[in-house]
Amino acid sequence: MATLEKIVSWIDTALDVAAFSDVSNNGVQIDREGAEITKVAFAVDASVAAVEAAATAGAQLLVVHHGISWGGGITRVTGGVGRVVRAAMKANLALYAVHLPLDANHQYGNNYELARYLGLKSLAPAFVYHGETIGVTGVLPNGRKVGVCSGGAGEFAEAAKALGCDLYITGEASWGDVIAAENCGMKMICAGHYETETFGVKALAKAMKRALKVQTEFLPRPKAANLDLDLA
């Protein structure tokens, strides 16, 4: 039988969570009544939709990359945060968040998984964020060097250039980062903040299923409905 304590201990060890200084308050952010866990849901974001989908799927725990508690922590359980908390408590669903440790991990991390998906070899850690090296560089079969840093990491385009990369791949970039990349001659692909951060979440779900013999399920973000804007 898997318990919340056992699962948390496994994640903390697998991702070396305690070794990271992070802007996220990593770990259990919402507790639940009862220790037994028969199914764990995984999502990129701690949204109301993800919480409700996890409950519908029969999970007792939702593991996410982007949680609801950052920096100094939650000061008020109102607005969107309040809705997430109420939805989780209504379903008796625990919430565990892990941010930079999941970006950086060499086995299950967003960046190493994305690099392997792209067929990169000779992987090496790169790109320092809040004192932590979270990204990676690698080499394509044609010999070209590529930098990878998921999420909103457009700021590292110039660092990728300095490392000799021919291409830099991230999720999204500010307009200032786009111009900075152009100015230094760094070709940059912004493949989507969400899209680039599904890789580690999925890998962690598969690894947990193997290691703890517990059911796991990745919950994709619901597709947005088409907006019919009639401004006449």
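1. In this predicted model, F127, F156 and Y168 form one aromatic cluster. The structure holds four aromatic pairs.

2. Take F127 and F156. Their ring centres are 5.6 Å apart and their planes meet at 25 degrees, so the pair counts as stacked. F127 sits in strand β7 (residues 121–129), while F156 is in the loop between β9 (145–149) and α6 (157–162). The pair therefore ties together parts that are 29 residues apart in sequence. F127 and F156 are buried.

3. Now F127 and Y168. Here the ring centres are 5.4 Å apart, and the planes stand at 65 degrees, so this pair is edge-to-face. Y168 belongs to strand β10 (residues 167–170) and F127 to strand β7, so the contact ties together parts that are 41 residues apart in sequence. Both F127 and Y168 are buried.

4. On to the nonpolar cores. The largest has 28 residues. Those with the most contacts inside it are I7, V40, L61 and M208. At least two residues of this core come from each of α1 (4–14), β4 (39–45), β5 (61–66), β6 (94–97) and α9 (199–212). The largest share, seven residues, is supplied by α9.

5. Which residues is M208 in contact with, leaving aside its neighbours within four places in sequence? The list is I7, W10, I11, V40, F42, K213, V214 and T216. Two of these, I7 and V40, are named with M208 among the residues with the most contacts inside the largest core.

6. Another core, of 20 residues, lies apart from the largest one. Its members include A59, L93, L95 and L219.

Notes. Residues are numbered from 1 along each chain as its sequence is written. This is a predicted model: local features need pLDDT of at least 70, side-chain atom pairs count only at pLDDT 80 or more; totals for chains, interfaces and linings use all residues. Side-chain values use heavy atoms; hydrogens and water are left out. A nonpolar core is a set of buried Ala, Val, Leu, Ile, Met, Phe, Trp, Tyr and Cys residues joined through side-chain atoms within 4.5 Å. Buried means under 20% relative accessible area, exposed over 50%, partly exposed in between (1.4 Å probe, protein chains only). Helices (H or I, at least four residues) and strands (E, at least two) are DSSP runs, numbered from the N terminus. Contact means heavy atoms within 4.5 Å. Rings of Phe, Tyr and Trp (its six-membered ring) pair if their centres lie within 6.5 Å; planes under 30 degrees apart count as stacked, over 60 as edge-to-face and the rest as tilted.
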